[in-house]
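Here is a brief report on selected contacts and backbone features of one protein model. Keep the viewer open and follow along.

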Amino acid sequence: MKSKIQNALPAGYKLRQYRIVRTLSGGGFSIVYLADDVEREQRVVIKEYLPSNQARRAKDSSVETLSSETDGPFRQGIKRFFDEAAALAKINHPSVVRVIDFFRENNTVYLVMRHEKGTDLSWYIRRRRGGMSEKFLRTVFPQLLLGLRELHSHNMLHLDIKPPNIFLRPGGKPLLLDFGAAQPAYRDNRALGAHTLTLGYAPIEQHRRGHLGPWTDLYAIGASMLTCMSGKSPPAATERAERDKYRPATRVYAGRYSQELLEIVDWCLQMDQLDRPQTVQQLIDRFERPVGPEPEPELGVLDRLKRLPWLNKKQAG
């Protein structure tokens, strides 16, 4: 049984034409609900801006700041959330979650997204303990990159790409979710204000408020691909900056995946941002290169014996 998420709106609560069905998740910056659009008669997902370290739910269901000290950051966060919702609403791509509405209410901001059926990538990774096939990786990630390219073309960075934020619909069609950390890409190329990051998926420039760009999201793409192979996230960039224990995928997984695919992963996971792909298109082009023959599966002892020339000759005689 899931524990009740603090500050969540109750089931049945109505926000304009949307009626809350249940709470889906709650994090540091927002609460996510499944809801019904009673006017269009369709299911939607609603994200409510409610940073738990700055605000709480009041008795009248509105959101109030915890103190005078958190009032300023909360107001700035509302403006950013609203501006980013407006930017995301302009993006219409099959690999990016569709924002269909956004509005202010209860002293905060709500973002309404189309509801999709499927399961996030992390579920598949846990089930398989990594070891996702090359065919799977080459089916999912090029499609995901097309959506990310569309996001970048609107001067937006995601900044929190990871398996839980990659949703897979029937047929393996990916959908990029959760834009809670998304920021304008080219405003001095630096992270602004409080932001989320995930260890193992965030490159060093996110930890140190360095220069951000498409290369930042592409590091996370490489980390997500590696997790599909290994079943666990790569070492944190802060640890790698002190002593880099990252073992190149071209060495660890040689023989299990093609050399071309492993080189893509290692390229994305370079510590120096200048050594990574600088644009999504560069990575898409790399995926489109001809692929060599897939590695042959390892043979058992009997199969190897059958390949010995002298044994085959004896059997034939």
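Arg16 is partly exposed, at a relative accessible area of 45%. The accessibility classes run as follows: buried is under 20% relative accessible area, exposed is over 50%, and partly exposed lies in between, with a 1.4 Å probe and protein chains only. Arg16 sits in the loop between strand E1 (14–15) and strand E2 (18–26). Its phi is near 55°, a positive value in a residue other than glycine. Helices (H or I, at least four residues) and strands (E, at least two) are DSSP runs, numbered from the N terminus.

The model is predicted: local features need pLDDT of at least 70, side-chain atom pairs count only at pLDDT 80 or more, and totals for chains, interfaces and linings use all residues. Residues are numbered from 1 along each chain as its sequence is written, and side-chain values use heavy atoms, with hydrogens and water left out.

Asn106 also has phi near 55°, positive in a residue other than glycine. Its place is the loop between E7 and strand E8 (108–114). Asn106 is buried, with a relative accessible area of 14%.

## A contact across the chain

Arg114 belongs to strand E8. The residue is partly exposed, at 42% relative accessible area.

## Aromatic pairs

A pair of aromatic rings is described by the distance of the centres and the angle of the planes. Here, rings of Phe, Tyr and Trp (its six-membered ring) pair if their centres lie within 6.5 Å; planes under 30 degrees apart count as stacked, over 60 as edge-to-face and the rest as tilted. The search of the whole structure returns seven aromatic pairs.

One of them joins Tyr49 and Phe74. Their ring centres are 5.8 Å apart and their planes meet at 20°, so the pair is stacked. Tyr49 lies in strand E4 (residues 42–49) and Phe74 in helix H1 (residues 68–88), so the pair ties together parts 25 residues apart in sequence. Tyr49 is buried at 6% relative accessible area. Phe74 is buried at 0%.

Phe82 and Phe102 form an edge-to-face pair, with 5.2 Å centre to centre and 75° between the planes. This pair links distant parts of the chain: Phe82 is in helix H1 and Phe102 in strand E7 (residues 99–105), 20 residues apart. Phe82 is partly exposed, with a relative accessible area of 22%. Phe102 is partly exposed at 24%. Ring pairs also link Tyr18, Phe103 and Tyr110 into a cluster.

## A charge over a ring

Which residue places its charged end over the ring of Phe82? Arg104 does, 4.6 Å from the ring centre. The criterion is NZ of Lys or CZ of Arg within 6 Å of the ring centre and within 35 degrees of the ring normal.

## Helix packing

Axes are lines fitted to C-alpha atoms, for helices over the stretch in contact, and angles run from 0 to 180 degrees between N-to-C directions. Angles under 35 degrees count as roughly parallel, over 145 as roughly antiparallel, 65 to 115 as roughly perpendicular and the rest as oblique. A crossing is left-handed if the near helix is turned anticlockwise from the far one by less than a right angle, and right-handed if clockwise.

Helix H5 (residues 214–230) packs on helix H8 (residues 259–268) at about 135°, with the axes 7 Å apart. H5 is therefore oblique to H8. The crossing is left-handed.

Helix H3 (residues 134–153) and H5 pack at about 165°, their axes 12 Å apart. That makes H3 roughly antiparallel to H5. Their crossing is right-handed. H8 and helix H9 (residues 280–287) have axes that come within 10 Å and cross at roughly 165°. H8 and H9 are therefore roughly antiparallel to each other, and this crossing is right-handed.

## Cysteines

Cys228 is buried, with a relative accessible area of 0%. Cys268 is buried as well, at 0%.
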